[in-house]
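I am opening my notebook on this structure.

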Amino acid sequence: MVWGNTEMRTTPLYRTECGQAYVGNSLDLLAEVPDDSIDLVMTSPPFALRRQKDYGNVAETKYVHWIKPFGQEIFRVLKKTGSLVLDLGGAYRSGVPSRSLYNFRVLLTFCDEIGFHLAEDFYWFNPAKLPSPIEWVNIRKMRAKDAVNTVWWFSKGAFPKADVRRVLTPYSDRMKKLIATPNTFYSPRKRPSGHEISVGFATDNGGAIPSNLLSIPNTESNSSYIRLCRKFGHRCHPARFPAELPAFFIKMLTDRGDTVLDIFGGSNTTGFVAEALERRWLTFELNREYLASSIFRFVGGHSLETVSQILARLYSDEADYLISSTACALDPANRTKPNAVPLGQGTLFTAGAAAV
Ligand SMILES: C[S@@+](CC[C@H](N)C(=O)[O-])C[C@H]1O[C@@H](n2cnc3c(N)ncnc32)[C@H](O)[C@@H]1O
């Protein structure tokens, strides 16, 4: 299958104008991807959870050994200016209220043994996270709830493509006042930290520089993806990204037309966001059911009968279904204008993945 100016041997399950979704083990599929061809790998692997979920979590003691070959392949396929963004949830060690270090071991291994740079460590705070683990938090009340994932932004070289101006956040009310009336509101002085605060701070740059703490609730409950999963009796993927998370990194780290890959695609949130932002995308996912259901993200405007026919095709051997017109937009109100999405994060993307 030709994608951009390169070629995959495997036939995709489905494709769109911008992307292709493949069923298979991503280690095998990665082997088909040429060297130095991908701008961003945005992904969330199965975490090292002690309670096994449906999608094959790996024991924390074996985790680094398991994930390292994926890291090596990703390093090979990334362009020199490319990045890998890896979302890893925290975990506890077995039987004791002490934390696993697996996500930090992954970080060290990827940098020390594969050659990645740690461009920046991000933290995804999900205020809607339920308290867990039950034993230590709910029952014995000896630990706080764990509501933050580590999101490692790795780069292949020291200077990856990145522009933080594309993900500016809304100014606070205080900052808006400062911009409107710099002289009356603020008297220039030196802060205890040594920073000079002058009226230059009152320049309107269109928004504030975001921090590396991304506060994004994972509360998608009424999207077309969920509605269509219910309608067709499919299980929703149990560990989906909120669309804002890949949107933040895709905007900051890629240009229109660049290629984004998710090697643990799940319900293909990454492909959906990439499509909305007019990036090329590739998604790999082991579980055919998850990937087949992910088509619900792209079929807005089709009748239920057509969606049913598309699904039947996805379960047939020759799949390779082309969705010729998708209705992807991060902001459903602007679904015909994919790039009408305001720059930013959090509240700017409150519609989440609700846009099929
Ligand atoms: C945490 S989920 C990703 C969810 C995704 N970010 C989303 O928004 O739907 C991890 C996924 O990796 C898939 N997976 C696990 N091992 C894999 C492998 N070797 N190759 C491809 N996919 C794999 C699982 O089936 C699961 O759907």
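Before I look up a helix pair, I need one definition: an axis is a line fitted to C-alpha atoms, for helices over the stretch in contact, and an angle runs from 0 to 180 degrees between N-to-C directions. I also note that this is a predicted model.

**Entry 1: α8 and α9**

I looked up helix α8 (residues 244-253) and helix α9 (residues 269-276). They pack at an angle of about 50 degrees, and their axes are 9 Å apart. Angles of 65 to 115 degrees count as roughly perpendicular and those under 35 as roughly parallel. The pair α8 and α9 is therefore oblique. I recorded the crossing of α8 and α9 as right-handed.

Which residues meet here? On the α8 side I found P246, A247 and I250. On the α9 side I found T269, T270, V273 and A274. I sorted the contact of α8 with α9 by class: five residues are nonpolar, two are polar and none is charged.

**Entry 2: how covered is α9?**

I stayed with α9 and checked burial. How many of its eight residues are buried? The count is eight of eight, so α9 is mostly covered. I listed them: T269, T270, G271, F272, V273, A274, E275 and A276.

What do the buried residues of α9 pack against? I found helix α8 again, along with the strands β4 (19-23), β5 (38-43), β12 (259-262) and β13. After α9 comes E278, and its phi is positive, near 60 degrees.

**Entry 3: α2 and α3**

Next I took helix α2 (residues 63-77) and helix α3 (residues 102-114). Their packing angle is about 40 degrees, with 10 Å between the axes. I therefore call α2 and α3 oblique to each other. The crossing of α2 and α3 is right-handed.

I wrote down both sides of the contact. Helix α2 gives Y63, V64, I67, K68, G71, Q72 and F75. Helix α3 gives Y102, R105, V106, T109, F110 and I114. By class, the contact of α2 with α3 has eight nonpolar residues, three polar ones and two charged ones.

**Entry 4: around the ligand**

How many residues surround the ligand? I read 21, and the closest are F264, G266, S267, T269 and L286. T269 was already in my notes as a buried residue of α9. Two elements give two or more residues to this shell: α1 (26-30) and β13 (280-285). By class, the shell has 10 nonpolar, nine polar and two charged residues.

**Entry 5: S83**

I then picked S83, which lies in strand β6 (residues 78-88). Is S83 buried or exposed? It has 28 C-beta neighbours inside 10 Å, so S83 counts as buried.

I looked for its contacts, leaving out residues up to four places away in sequence. S83 touches L40, A119, W153, F154, S155, P160 and L253. S83 and P160 are 77 residues apart in sequence, yet their C-alpha atoms are 6.5 Å apart in space.

**Entry 6: G206**

My last stop was G206. Where is G206? I found it in the loop between β10 (196-197) and β11 (213-215). G206 has 11 other C-beta atoms within 10 Å, so it is exposed. I also checked G206 against Y171, 35 residues apart from it along the chain. Their C-alpha atoms are separated by 8.2 Å.

Definitions and conventions: Residues numbered from 1 in each chain as written. Predicted model: local features only at pLDDT ≥ 70, side-chain atom pairs only at ≥ 80, totals over all residues. Helix = DSSP H or I, 4+ residues; strand = E, 2+ residues; numbered from the N terminus. Parallel < 35°, antiparallel > 145°, perpendicular 65-115°, else oblique. Left-handed = near helix turned anticlockwise from the far one by under 90°. Contact = placed C-beta atoms within 7 Å. Nonpolar A, V, L, I, M, F, W, Y, C, P; charged D, E, K, R; others polar. Near = placed C-beta within 6 Å. Buried ≥ 20, exposed ≤ 12 C-beta atoms within 10 Å, placed from the backbone.
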